[in-house]
Amino acid sequence: MFLKNYIGDIFSSIKSLLTGMKLTGYYFTHLKEIVTEEYPDNRGTLKMAERFRGEVIMPHNENNEHRCTGCQACELACPNASIKIVTKQETQPDGKKKKRIDTFVYRLDMCTFCNLCVNACPSEAIVMGQKFEHSVYDKKQLKKILNFPNSKLMEGVEE
Amino acid sequence: MNAEELKHKVTELCPRATYDETGEFLTTLIAAPDLLPVMQQLAKDNELHFDFLFCLTCIDWKDHFMMVYHLRSTDLNHCLVVKAKITDTTNPEIESVNDIWRTAEFHEDEVYDMFGVKFLNHPNLRRLFLEADWNGFPLRKNYTDENMIKL
Amino acid sequence: MNTPTPYSFASLATGIHAWLRQAISNDTLLQVTEMVITGVCLLVFLVLLCFFLGYMERKVAAFMEIRLGPNRVGPKGSLQIVADTLKLLFKEGLTPNGADKFLFNLAPGIMVVTSMMAVAPIAFAKNFQIWDINIGVLYVSAISSMAVIGILMAGWSSNNKYSLIGAMRSGAQIVSYELSIGLSLITIVILSGSLQLSEIVESQANGWWIFKGHIPVIIAFVIFIIASTAEINRAPFDLTEAEQELTGGFHTEYAGMKFAMFLLSEYINLFIVSAIAATIFLGGWMPFHIGSLPAFNHVMDYIPSFMWFFGKTFFIVFIIMWFRWTFPRLRIDQLLNLEWKYLLPISMVNILIVTAMAIFGWHF
Amino acid sequence: MLLAPDHITEEGEFIINMGPQHPATHGVLHLKIWLDGETIKKIEPQLGYIHRSIEKMCESLSYRQFIYVTSRMDYLSAHMNNQACALAVEKGLQIEATPRAQAIRVLLGELTRLSSHLLWWASTGLDLGGITPFFYAFRERETINTILEETCGTRLTQNFIVPGGVMYDIHPDFQKKVKDLIKQFRANYHEYDEILTGNVIFQNRLKGVGYISKEDAISYGCTGPTARASGISCDIRKLAPYDGYDKLKFDEVILSGGDCWARYQVRMAEIIQSLNILEQLIDNIPEGDFLAKTKNVVKLNKGDIYQRVETARGELGVYIVSDGAATPYRCKFRSPNFSNLSAIPHIAKGAKIGDLMAIMATVDLVIPDIDR
């Protein structure tokens, strides 16, 4: 009885080991199953998901106009203070003075990509961008100004 | 056992307990010196049999500390929240419950680390997360640190 | 069988010898010169072999793990291992504070030297052998068990508890598995009646032992493969390194070229056990013959003998790599259980059967 | 941590420090181990290497903001952590997420659980020395992460849940991709059995190792698969259903073995249960809004809220004490790993070093969740 168990043990063990080797052997001989993505080489075809949160960007149209009214809702919504909005008073053509953004400072190094700022924005001025290769040699370069130089508020956003 | 029966039963164990039924679980407030005998009874009693301490924490209410114990019975499936008030804020002390529930050892270490509440008869009271020579207790409301950033 | 094939190394070796004889008249000097030439050739060969084995291991691992493996340096990543060696060369060779400096630096040397010594009696091709010692089997098993000294030395002198545990494990492990290796080699020694590797190969001219010897030799072969995997500390028996438990075991504290020497010796050991298995069980450089098919046999004879040897060797190397990339690791007590409760009793019974086979002439 | 000299070792013992940089502790866990040869006599966990004081941070974040921080606790069940916080806030506001939002939350939660269990399976193989299984599991995990990325925008720390619902509606391809995933997973599941579960070496490493009895598991506060392997019924999805788990058909996997092998089997069975839940729900996502109307500034009434959620590793409790302001007065996270860790010194006593790897692998600790 002992001998029977002993030999049975050996054979069942060997069988279980061979099952595993069969699987690895299958993949060794089926090279088309390889799932590796050759990342820096496939940059051309690599497409991030459309909701991918890579960075906060402020889209501008062809007339260099953005939609940010400077309401600071995003600044308040940000949990780790990575957004800072500096506003200025600007004289409109009709003579009225209005609050406009001077600089929209976005600190990528502090951002956790939680999407709360985009969610909070009432005028859809900021969105999440698809770029994800953010490495730079100097940390200072991660402090970005999102509004382009001399950009203006789009007509009709502020109502 | 529903909240009414629990209340009745706990009152038998600790006549001085007060109750609060606004939350999801029945909450009972007992005095700190009564804590250990009441807890032992709660765990041992066959009708209560609170064998599972699933949360142990402390709240700093500035003028006093409130220890909060969330108890559940795994076989009878009822919950009870026990609160114990520690009035001494400079040198807070309370009995350890780690004899009853072994999980309390780590949770009490954490509370000691964060609030500075000393647990009597604790086997190895130590600063669990912070260094042994850390100054102050971070989760106290009056804690200040030169490196703290105010958002 | 004695017609020299055009690829034979024997004629090359004889040619060099004759040429040197003309140039150097002094016999001692001639011998020393030849030794140096052999040594240098061997070193170059082994280092190149290790490059190849390293590349092979990475590729085998990668394909089994549905990855691509190294594919950047050189064509298909073949120079990756060269790049890694260069990196290791330029790394600082740290010696930890409190280590026994002499033994710490000596240990990798001992590892490499012991594994290189075992290459001597291996017959790489027909009539091509460095040293045809008449106790070849004994020599190889004696030399290979010396590796444990290097491991113990490295583990003890590192002044690190992980290293020490790893070294102690390896002591228990290698001493145990020596037995099974010896016993499984003895089966063939009994059958062929010789300890000399060249004679063992010759005895397989009419068929490899694994075919001639029926089931007992197959069992001995399997035991040899398992035990030698354990002997050279490869997964699933890599308890001396046991990365997840001991962070690297006996070579935790080694860096740079000293660490590379451990790798070197690991791959040389891998090659040696595979070569021994190929020589003893699979007929060394003997081509594959089927008795009743003379045409087929003739075609087989045209494949040069070193191709046969290396083909067989790398087949076994591949099997050992296949083990490594399939199985999880054993625990130390299970490892010793496997040896003392399974491999050793089985190989003892096996030897009895083989002896009976040899006496009654039951094999082919 | 300094101990008095006479406490340090007895005759024949020695201490090794496993971690904070060790391949098998999956992060910066530091275990101080008293050894006698290879046998473990005592373990003392030293924590705090990744302590970020999340509870203190939460005291200065608003009820909308503090959800995102919890992704960084148990990063492998980030979605469930967020869900727990959102549910706690909803409980305080006495609102409920819309049916569609609830279904989305459950779907994403189960996907996260699946991906977390896959990572656990992969790293269990890795801890026991088998490297190849890791890649097979990551092939499926990659598919899951791609689905999560498409809908949530991030792969690991999603932060997709807001009080009252979810941030966006699901991606149009979501349903199709999840169905493909289920098909792929069921087709590949036999490989998991072949390479690891059925392997005799692997079974021997787990069977009879790291036993914890039912009483001890309760006393140490174990939850999740660790406790269910000891025969405790503690699945919050059954015990205190949230987000419509009561309407779904699935089994709570309970085994009585109590050893590493039982814990392994519980998790493997939970993978199948998660697939079942996904299958039930994927075609029955209710139509409607994905976000209930809430006020812009969330303020809770004075009082306590305790919300429990079943994460991949056990019961996560969010205990919010509110004083009526816009930020929590005190926020306590009862993390499953913290309690499970406290059981490890008890489980591992008398085991070998190699067994400790099996124990830590099957208890499945995530260190940032312990330290918080």
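This is a predicted model: local features need pLDDT of at least 70, side-chain atom pairs count only at pLDDT 80 or more; totals for chains, interfaces and linings use all residues.
How many salt bridges does the rule find across the interface of chain D and chain B?

1. The rule finds five salt bridges across the interface of chain D and chain B. One pairing to look up in your viewer is B:Arg126 with D:Glu44, whose side chains meet in a salt bridge at 3.8 Å, N to O. The cut-off for a salt bridge is 4 Å, so keep that value in mind when you inspect this pair.

2. Polar contacts come next. Between chain D and chain B, 16 residue pairs are in polar contact, both residues having pLDDT 80 or more. On the chain D side, the elements that each supply at least two residues touching chain B are β3 (39–46), α2 (54–58), α9 (214–219), β6 (303–311), β7 (314–322), β8 (330–334), α13 (336–348) and α15 (367–371). Of the side of chain D that touches chain B, α13(D) gives the largest share, with four residues. By residue class, this side of chain D divides into 17 nonpolar, 13 charged and eight polar residues.

3. Now the extent of the interface. In chain D, 38 residues are in contact with 42 residues of chain B. The two chains bury about 3500 Å² between them, and 58% of this lies on carbon and sulfur atoms. Three residues stand out on the chain D side: D:Lys56, D:Tyr329 and D:Phe338 supply 17% of the area that chain D buries against chain B, more than any other three residues.

4. How does this pair sit among the other chains? Five pairs of chains are in contact, and chains B and D share the most contacts of these. Chain B and chain C, by contrast, do not touch, and their nearest C-alpha atoms lie 25 Å apart.

5. Turning to chain A, you will find an open sheet of three strands in the order β3-β4-β6, paired antiparallel. Its edge strands, each pairing on one side only, are β3 (83–91) and β6 (143–145) of chain A. On average, neighbouring strands of the sheet are turned by 25 degrees against each other, direction ignored.

6. A closer look at one pairing in that sheet: strand β4 of chain A, residues 97–107, runs antiparallel to β6(A) and is joined to β6(A) by three bridges. For a specific place to check, take A:Val105, whose bridge partner in β6(A) is A:Ile145.

How values were computed. Residues are numbered from 1 along each chain as its sequence is written. Chains are lettered from A and ligands numbered from 1 in the order in which they are written. Side-chain values use heavy atoms; hydrogens and water are left out. Contact means heavy atoms within 4.5 Å. Buried area is the accessible area (1.4 Å probe) that two parts lose on being put together, summed over both. A polar contact is a pair of N or O atoms within 3.5 Å; within protein, one must be able to donate a hydrogen and the other to accept it, and residues adjacent in sequence count only if both atoms are side-chain atoms. Ala, Val, Leu, Ile, Met, Phe, Trp, Tyr, Cys and Pro count as nonpolar, Asp, Glu, Lys and Arg as charged, and the others, Gly among them, as polar. Two strands pair if DSSP finds at least two bridges between them. Axes are lines fitted to C-alpha atoms, for helices over the stretch in contact, and angles run from 0 to 180 degrees between N-to-C directions.
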